[in-house]
Amino acid sequence: MTVEVWRVRVVEFGLLGALAGAGIGGASIALGRGSVPALFVLTVLGAASGVLVRRQMLVRAAKARTALVLDELPVVCELLAICLTAGEGLSEALSRVAARGTGPLSHELRHVQRAASLGVPLTDALAELTEKLDVAPLSRSLDHLIAGLERGTPLRSEERRVGKEC
């Protein structure tokens, strides 16, 4: 979901909340128990409640996605280690792991690979992923990979094992 789509959804929820508040206020006026100021207050409270509900839904979805990333991280790291040990370069290993995975982290790694194939330096694409997901264990892992790439530290084994596939 893009920022623009999220903002539209917030406005939709605010309007729905305002309509609900206005409906309750209108019903109370029709029954002779309410007033116009109460109608106004209920409408504003309904709009605020709608916005807060949508925000809570976003927070809950973000926590669930972070949990999925954390669940997938050990598997991705293990597969990367296997591929690097087998002699593949980091770009090839990331490509292989991203193609095999099905979770949100694999999906984000596919975006990193696409960006790198379009000319964005791999270190920049990985740094962007670190900022985008903001998951501490993932950030530490990617920071180590970025540091290795920037310093020229070999990330793959010198022996290339022929016929081994991750």
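Buried here means under 20% relative accessible area, exposed means over 50%, and partly exposed lies in between, with a 1.4 Å probe and protein chains only. This is a predicted model: local features need pLDDT of at least 70, side-chain atom pairs count only at pLDDT 80 or more, and totals for chains, interfaces and linings use all residues. Residues are numbered from 1 along each chain as its sequence is written, and side-chain values use heavy atoms, with hydrogens and water left out.

1. Ala-18 and helix α1. Ala-18 sits in helix α1, residues 3-30. Helices are DSSP runs (H or I, at least four residues), numbered from the N terminus. Ala-18 counts as buried because its relative accessibility is 16%. Leaving aside neighbours within four places in sequence, Ala-18 is in contact (heavy atoms within 4.5 Å) with Thr-43, Gly-46 and Ala-47. Ala-115 is elsewhere: 97 residues from Ala-18 in sequence, and 42 Å from it in space, C-alpha to C-alpha.

2. Arg-55 in α2. Helix α2 holds Arg-55. At 46% relative accessibility, Arg-55 is partly exposed. Ile-82 is 27 residues from Arg-55 in sequence, yet the two C-alpha atoms are 40 Å apart.

3. Cysteines. How many disulfides are there? With a disulfide defined as a pair of cysteine sulfur atoms within 2.5 Å, the count is zero. Cys-77 is in no disulfide, and its nearest cysteine sulfur, that of Cys-83, is 12 Å away. Cys-77 is partly exposed, at 32% relative accessibility.

4. The α4/α5 pair. Helix α4 covers residues 104-117 and helix α5 covers residues 122-133. Their axes come within 9 Å and cross at roughly 145°. Axes are lines fitted to C-alpha atoms, for helices over the stretch in contact, and angles run from 0 to 180 degrees between N-to-C directions. The crossing is right-handed. In this convention, the near helix is turned clockwise from the far one by less than a right angle for right-handed, and anticlockwise for left-handed.

5. What lines that contact. On the α4 side are Leu-105, Glu-108, Leu-109, Val-112, Gln-113, Ala-115 and Ala-116. They meet Leu-122, Ala-125, Leu-126, Leu-129, Lys-132 and Leu-133 of α5. By class, the contact of α4 with α5 has 10 nonpolar, one polar and two charged residues. Ala, Val, Leu, Ile, Met, Phe, Trp, Tyr, Cys and Pro count as nonpolar; Asp, Glu, Lys and Arg as charged; the others, Gly among them, as polar.

6. The largest nonpolar core. A nonpolar core is a set of buried Ala, Val, Leu, Ile, Met, Phe, Trp, Tyr and Cys residues joined through side-chain atoms within 4.5 Å. The largest one has 24 residues. Which members touch the most others? They are Leu-90, Leu-94, Leu-105, Leu-109, Leu-126, Leu-133 and Leu-138. At least two residues each come from α2 (36-85), α3 (90-100), α4, α5 and α6 (136-151). The most come from α2, with six.

7. Not counting residues up to four places away in sequence, Leu-126 touches Leu-90, Leu-94, Val-112, Leu-142, Ile-146 and Leu-149. Thr-130 is also in α5. With 12% relative accessible area, Thr-130 is buried.

8. Asp-134: check the backbone. Most residues other than glycine have a negative phi. Asp-134 is not a glycine, but its phi is positive, about 50°. Asp-134 lies in the loop between α5 and α6. Is Asp-134 buried or exposed? It is exposed, at 63% relative accessibility.

9. Val-135, in the loop too. Val-135 is found in the loop between α5 and α6. Val-135 is buried, at 5% relative accessible area. Where sequence neighbours up to four places away are not counted, Val-135 touches Thr-66, Val-69 and Leu-70. Thr-66 is 69 residues from Val-135 along the chain, with the C-alpha atoms separated by 7.0 Å.
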